Amino acid sequence: MDMHFHLADPNNLDPDKFEKETLSKLGMPKEIVMRHRSPHFGHVFSGEGYATGYYGYLWADVLTSDASEAFAEAPGGFYDAEVAARLVKYLFAPRNSMDPADAYRQFRGRDAKIDALMRDRGFPVPGQQGKK
């Protein structure tokens with residue numbers, strides 16, 4: 001909902017109507033009510049500081065889930081020495097001495113993808129299945 005609010009034209013916006021219409025477009029079942037209503041998240045977008053932190057935490061979850069799948073896909077699983085060595089070499093040891101995105105690419109061989117996080121949270125990811 002928050003992204004839909006951000007993308008909407010705020011002029012003459014009726015929040016209740018907008019929320020109902022957006023949830024309908026998203027296919028939200030009527031039997032499942034929103035756990036938190038849109039006004040509960042006003043603090044998230046009242047300034048850049050909290051919003052940045054909030055999405056920073058979500059991005060950390062993306063990285064963690066994606067990195068976890070690197071181990072799950074490896075021959076040695078979560079104890080794979082080669083993947084562990086890359087984790088230390090590119091992510092732990094350099095700390096902030098290199099660009100974090102470049103460091104992750106060196107570790108994983110590609111950019112991080114949200115697919116692993118979506119699988120962890122129970123969302124279907126078309127065309128891909130992660131190992132559990």
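Student: Is Lys 17 buried, partly exposed or exposed in this model?
Tutor: In this predicted model, the relative accessible area of Lys 17 is 47%. Buried would require a value under 20% and exposed one over 50%, so the class that applies to Lys 17 is partly exposed.

Student: With which residue does Lys 17 form a salt bridge?
Tutor: Side chains of opposite charge can pair when their charged atoms come close. The closest N and O atoms of the pair are 3.9 Å apart, against a limit of 4 Å, and the partner of Lys 17 is Glu 21.

Student: Which class of accessibility does Glu 21 fall into?
Tutor: Glu 21 has a relative accessibility of 38%.

Student: How many residues apart are Asp 66 and Arg 108, and which helices hold them?
Tutor: Asp 66 forms a salt bridge with Arg 108, with the closest N and O atoms 3.2 Å apart. This pair links distant parts of the chain, since Asp 66 belongs to helix H3 (residues 48-73) and Arg 108 to helix H5, and the two are 42 residues apart.

Student: What distance separates the closest N and O atoms in the salt bridge between Asp 102 and Arg 105?
Tutor: Asp 102 and Arg 105 are 3 residues apart in helix H5, which means that about one helical turn separates them. Asp 102 is partly exposed at 37% relative accessible area, and Arg 105 is partly exposed at 34%. The closest N and O atoms of Asp 102 and Arg 105 are separated by 2.5 Å.

Student: Which backbone nitrogen does the side chain of Asp 99 reach?
Tutor: Asp 99 lies in the loop between helix H4 (81-92) and helix H5 (100-108), and with 41% relative accessibility Asp 99 is partly exposed. At a distance of 2.9 Å, the side chain of Asp 99 reaches the backbone nitrogen of Ala 101.

Methods:
Residues numbered from 1 in each chain as written. Predicted model: local features only at pLDDT ≥ 70, side-chain atom pairs only at ≥ 80, totals over all residues. Heavy atoms only, no water. Helix = DSSP H or I, 4+ residues; strand = E, 2+ residues; numbered from the N terminus. Buried < 20%, exposed > 50% of the residue type's maximum accessible area, 1.4 Å probe, protein only. Polar contact = N/O pair within 3.5 Å; in protein donor to acceptor, adjacent residues only side chain to side chain. Salt bridge = Lys/Arg side-chain N within 4 Å of Asp/Glu carboxyl O.
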